[in-house]
Amino acid sequence: MVSFRFPFLFSQPPRPPVSATANVSSRSLSATTAAVSVAAALSFAGAGVALSQNFDNPFLQRALNFLASNRNGFTPMWGSLSLTGNSSPVTESRSGTSFPAVLKDSQRLLGIGLRRKAVLGLKNIDVYAYGVYADDSDVKNLLSEKNGDLSDDLMESDVSMTIRLQIVYGRLSIRSVRSAFQESVGSRLNKFGGGSDNKELLQRFTSQFKDEYKIPKGSIIDLCRERGYVLRTMIDGEEVGSIQSKILCRSILDLYIGNESFDTKAKEDVELNLASLLGK
């Protein structure tokens with residue numbers, strides 16, 4: 001069994017202020033917890049200083065600066081991530097959705113987010129939570145070769161990845177999913193310059209989401225980029241189609257970890273976890 005130790009970082013909601021009426025036992029426990037958290041944070045900060053001295057890497061410096069400026073909103077989760085799949089799941093706090101720490105024995109979880117959609121411009125509904133996974137060895141090879149914007153490099157590279165969507169909204173129809181992808185993926189294809197083939201490529205992708213598929217709350221949609229820029233789509237473990245296209249793969253990933261992603265917290269998670277692995 002192979003086990004890797006690294007700072008596993010995920011965005012955490014701000015903690016509420018401690019009541020002045022809290023009992024002595026609670027204050028003692030809080031003080032102990034705070035001491036451990038501070039020690040962990042200082043350890044990471046020290047590692048960050050060492051990394052910044054040893055690597056002339058603008059991405060790493062930005063990630064460390066980001067971590068320092070957001071230290072009150074982020075909690076480092078230190079532990080061992082085993083690629084045998086025995087590691088504890090990670091929960092998206094706003095929806096309560098859990099994601100396995102490892103997929104397919106080799107893909108580690110790098111970030112989690114929530115897709116929200118405005119209804120009639122008045123109310124936001126939680127549509128699905130999502131997790132961003134990438135192959136461990138592929139990521140390490142990428143980190144050894146790149147020193148720019150690693151989030152962008154990750155999208156451009158041939159790293160095996162999975163975007164796992166877990167349905168949160170109980171009344172979501174497959175037709176709504178198809179329509180949403182037509183709009184969002186279509187805009188990304190235009191953004192990355194697919195040209196005259198965009199319409200046909202978009203049709204091939206969205207036609208995979210046939211009306212016969214039911215996606216009640218808890219359903220899982222996996223969008224998998226395999227080597228050779230093959231996008232394989234799975235619904236509740238059943239393959240519904242695959243398309244070989246680099247621009248389609250890039251367009252899908254841009255929705256979740258790009259500069260205008262659905263949830264900036266997921267992108268921040270990915271960048272921080274890539275930074276934590278940079279010196280490994």
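What you have open is a predicted model, in which local features need pLDDT of at least 70 and side-chain atom pairs count only at pLDDT 80 or more, while totals for chains, interfaces and linings use all residues. Residues are numbered from 1 along each chain as its sequence is written, and side-chain values use heavy atoms, with hydrogens and water left out.

Now switch to a cartoon. You will find eight helices and eleven strands (DSSP runs numbered from the N terminus: H or I of at least four residues for helices, E of at least two for strands). Of the 280 residues, 46% count as buried, meaning under 20% relative accessible area with a 1.4 Å probe and protein chains only.

**Stop 1: the largest nonpolar core**

Select Leu154, Leu165, Phe181, Val185, Phe205, Leu223 and Tyr256. Of the 49 residues in this core, these touch the most other members. A nonpolar core here is a set of buried Ala, Val, Leu, Ile, Met, Phe, Trp, Tyr and Cys residues joined through side-chain atoms within 4.5 Å. Helix 7 (residues 246-257) provides the largest share, seven residues. For a second, separate core, of nine residues, look for Val90, Phe99, Leu109 and Ile112 among its members.

**Stop 2: Leu165 and Tyr256**

Centre on Leu165 in strand 8. It is buried, with a relative accessible area of 1%. Leaving out residues up to four places away in sequence, Leu165 touches partners including Tyr128, Phe181, Ser219, Leu223 and Tyr256 (contact: heavy atoms within 4.5 Å). Try the distance tool on Leu165 and Ser219: their C-alpha atoms are 8.1 Å apart, though 54 residues separate them along the chain.

**Stop 3**

On a 1 Å grid over the protein atoms alone, a pocket is an open set of points where a 1.4 Å probe fits, with protein on both sides within 12 Å along at least five of seven lines; lining residues have an atom within 4 Å of a point. Select Lys117, Val127, Leu172, Ser176 and Ala180, the closest to the centre among the 21 lining residues. Then colour helix 5, which gives the most to the lining, with seven residues.

Technical notes. Buried < 20%, exposed > 50% of the residue type's maximum accessible area, 1.4 Å probe, protein only.
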